[in-house]
2 protein chains.
Amino acid sequence: MDLQKFVINFANSYRKKEFIVFSAECEVTYSGKTETKLSLGDRVILLKPDGSLQVHQPTGNVPINYVKEGTDHNINLLDGNRVIINSHNIPQGDYMQIIVHTLHFFNSHKTEDGHKIQLTGTEKDMSDMIYENPTLVEQGLKSVKQEEQTNYGFIDVLCRDENNNLVVIECKRVKADFSAVSQLRRYIDRVKETKGITNIRGILVAPAITTNAEMMLNDYGYKFVAIDPPRYLEKLKKSQKSLGEF
Amino acid sequence: MDLQKFVINFANSYRKKEFIVFSAECEVTYSGKTETKLSLGDRVILLKPDGSLQVHQPTGNVPINYVKEGTDHNINLLDGNRVIINSHNIPQGDYMQIIVHTLHFFNSHKTEDGHKIQLTGTEKDMSDMIYENPTLVEQGLKSVKQEEQTNYGFIDVLCRDENNNLVVIECKRVKADFSAVSQLRRYIDRVKETKGITNIRGILVAPAITTNAEMMLNDYGYKFVAIDPPRYLEKLKKSQKSLGEF
DNA sequence: GGGGAGAGATGCCGC
DNA sequence: GCGGCATTTCTCCCC
């Protein structure tokens with residue numbers, strides 16, 4: 001497909017809100033939240049029906065450049081042998097420019113997909129599990145409230161221990177770091193202040209914790225309990241079962 | 001292209017490490033860090049030369065499903081009218097399965113792109129600007145050190161004020177929130193402890209701060225100074241200039 | 001490779 | 001829309 005035909009096809013497909021996919025040797029500049037410049041190379045470009053556009057290099061999980069949904073796009077022949085695509089998103093303050101030198105392929109088509117993804121094994125699942133069964137965390141623990149709102153953010157799970165101390169529990173589905181400990185401390189500070197109580201404990205629940213974060217946690221007098229998110233428990237059970245079967 | 005030809009072309013292109021792009025009505029399941037299920041719909045799929053694969057719905061800036069670089073892929077006819085692609089990444093513990101019902105288009109090609117993106121206007125640029133010119137933040141401020149390491153993380157800029165107090169400065173390139181305040185507090189706590197001093201102040205520098213975060217900041221006795229990242233300053237100057245010209 | 005923190009983070013939900 | 005926060009975050013840098 002020559003560049004003139006590319007311009008016409010692109011414009012038609014864009015007007016019809018089709019999913020446009022093409023590959024080209026191109027340069028990209030972006031101006032908005034920052035300024036970026038990407039010199040000539042081969043990239044695959046997706047322009048979705050919602051107006052979002054992504055530029056993909058041959059490596060990496062994320063687009064090297066992009067504009068969000070609701071962006072307006074404009075295509076023109078720049079001279080005999082180049083094409084320029086200007087993309088504006090006024091509310092976002094974003095502007096992107098692609099200069100196409102060579103087109104490798106072009107495709108566009110109507111798409112139908114109303115489905116949402118179903119996902120399990122999130123932090124919320126972990127919080128639910130602990131709220132339902134707080135003794136997983138500590139003997140004698142009783143759940144009080146989930147997602148308790150404070151002015152300093154919300155607490156994953158609030159419990160009482162067997163000595164009737166309030167216990168603030170913060171869950172992380174991956175290895176806990178400094179910011180998790182800071183978050184826990186922030187909630188405890190706030191509860192101490194608003195409820196005017198001092199017999200309050202903090203527990204950080206995660207599959208693991210970094211060494212330094214654990215030291216900080218200990219400095220603050222809080223506790224770490226290692227628990228995997230629900231999905232990992234299932235996986236573990238299955239693998240143990242399989243091992244048994246062999 | 002019929003499904004049998006799709007399987008053959010896919011396998012050939014994959015072996016040659018070409019950039020594969022296709023669109024299909026398909027189902028996707030993923031098992032790894034979580035478990036996901038996505039039922040039948042139209043998606044565009046990218047398989048890059050590095051082994052990473054992404055599934056894109058017609059909307060959104062990010063892939064709905066993906067596996068990272070270094071993943072192994074396997075394609076087969078499932079029965080007369082479906083194709084199954086199995087993707088494994090053993091080190092990551094990831095497994096993905098795509099069942100293709102209808103193929104909309106297929107393309108693959110060699111790509112060349114060794115270029116890295118150039119980017120300006122980051123938090124580091126902001127930190128540099130403040131280190132070079134600390135009086136932007138406060139009259140009489142003198143820079144001491146950039147990226148001072150503490151056991152609780154590193155400090156963006158360390159200064160002394162005109163009364164010889166140590167001043168810890170934390171920069172954010174976007175509106176500051178609770179976690180920025182928590183971060184500042186963590187560093188100050190640590191400096192107080194390790195250096196055994198109490199005449200230490202905290203300043204949070206950002207273009208803006210949320211109301212609640214500012215209350216928390218005030219509770220802790222720290223200070224907020226509104227400064228835009230370098231690029232925004234330029235932008236502001238330009239827009240003021242333009243206004244003057246009209 | 002782990003730890004720590006930024007990112008043009010993105011996306012989701014709540015108010 | 002802002003706020004608060006998780007994310008299969010991803011990416012980079014430093015130890």
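This is a predicted model: local features need pLDDT of at least 70, side-chain atom pairs count only at pLDDT 80 or more; totals for chains, interfaces and linings use all residues.
In chain B, β2(B) and β3(B) form a hairpin with five residues between them, and B:G51 in the turn has a positive phi of about 95°. Of the atoms of DNA strand C that lie within 4 Å of the protein, 83% belong to sugar or phosphate, while the rest belong to bases.

**The hairpin and its neighbouring strand**

- Strand β2 of chain B, covering residues 35–47, runs antiparallel to β3(B), and four bridges join the two.
- Within this pairing, B:V44 has B:H56 of β3(B) as its bridge partner.
- β3(B) also pairs in the antiparallel sense with strand β4 of chain B, residues 65–67, over three bridges, and here the bridge partner of B:L53 is B:V67 in β4(B).
- Along strand β3 of chain B (residues 53–56), B:L53 and B:V55 point one way whereas B:Q54 and B:H56 point the other way, and all of them are buried.

**The surface near DNA strand C**

- There are 28 residues around DNA strand C, and those that come nearest are A:Y66, A:N212, B:K172, B:R173 and B:Y187.
- By residue class, this surface divides into 10 nonpolar, nine polar and nine charged residues.

**Approaches to phosphate oxygens of DNA strand C**

- For B:V62, the atom concerned is a backbone N or O, which lies 3.3 Å from a phosphate oxygen of DNA strand C.

**B:R190 in helix α3 of chain B**

- B:R190 is found in helix α3 of chain B, and it counts as buried because its relative accessibility is 11%, where the cut-off for buried is under 20%.
- When neighbours within four places in sequence are left aside, B:R190 is in contact with B:T150, B:N151 and B:Y152 of chain B and with A:D219 of chain A.

Technical notes: Residues are numbered from 1 along each chain as its sequence is written. Chains are lettered from A and ligands numbered from 1 in the order in which they are written. Side-chain values use heavy atoms; hydrogens and water are left out. A residue is near a molecule or strand if one of its heavy atoms lies within 4 Å of it. A polar contact is a pair of N or O atoms within 3.5 Å; within protein, one must be able to donate a hydrogen and the other to accept it, and residues adjacent in sequence count only if both atoms are side-chain atoms. Ala, Val, Leu, Ile, Met, Phe, Trp, Tyr, Cys and Pro count as nonpolar, Asp, Glu, Lys and Arg as charged, and the others, Gly among them, as polar. Buried means under 20% relative accessible area, exposed over 50%, partly exposed in between (1.4 Å probe, protein chains only). Two strands pair if DSSP finds at least two bridges between them. Contact means heavy atoms within 4.5 Å.
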